[in-house]
Amino acid sequence: MVTKNDCMIPNCGEIPDFGSKRIVVGAKQLKKAVLSGAARQVFLASDADPGVTEPLEALCRQQGIPYSYVRSMADLGRACRIEVGAAAAAIAE
């Protein structure tokens, strides 16, 4: 598990290619995916509002879902193939 202070997927902010994997984008949808057990790996943007990311980080720890921080919302949004930044995203079943 990579914390906000570590901020690395390796080399701080490199996000794996999501390819054809099912992804969930956004805090509300991610929370639902974590609680339902559908989320397999969670990515949180280090420059996002801590009021959004910290509760998600705590929920991931509680549910045993691996999570990592990435460099920026813009990077995470691009990886998710959306035109805006994303505070949180997950690879899901």
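Three salt bridges turn up when the whole structure is searched, a salt bridge being a side-chain nitrogen of Lys or Arg within 4 Å of a carboxyl oxygen of Asp or Glu. As background, side chains of opposite charge can pair when their charged atoms come close. Please keep in mind that this is a predicted model, in which local features need pLDDT of at least 70, side-chain atom pairs count only at pLDDT 80 or more, and totals for chains, interfaces and linings use all residues. Residues are numbered from 1 along each chain as its sequence is written, and side-chain values use heavy atoms, with hydrogens and water left out.

Here are the pairs with their N to O distances.

| E93 | R40 | 2.4 Å |

Let's start with E93 and R40, whose closest N and O atoms are 2.4 Å apart. Helices (H or I, at least four residues) and strands (E, at least two) are DSSP runs, numbered from the N terminus. E93 is exposed, with 59% relative accessibility, while R40 is partly exposed at 40%. For these words, buried means under 20% relative accessible area, exposed means over 50%, and partly exposed lies in between (1.4 Å probe, protein chains only).

E57 and R61 both belong to helix α2 (residues 50–63), where they are 4 residues apart, or about one turn of the helix. E57 is buried at 13% relative accessibility, whereas R61 is partly exposed at 47%.

What separates D75 from R78 in helix α3? These two residues are 3 apart in that helix (residues 73–79), which amounts to about one helical turn. D75 counts as buried, with 18% relative accessibility, and R78 counts as exposed, with 54%.

Back in helix α2, there is another residue to look at: T53. Is T53 buried or exposed? Its relative accessibility is 0%, so T53 counts as buried. Setting aside neighbours within four places in sequence, T53 is in contact with L44, A45, A48, Y69 and A87, where contact means heavy atoms within 4.5 Å.
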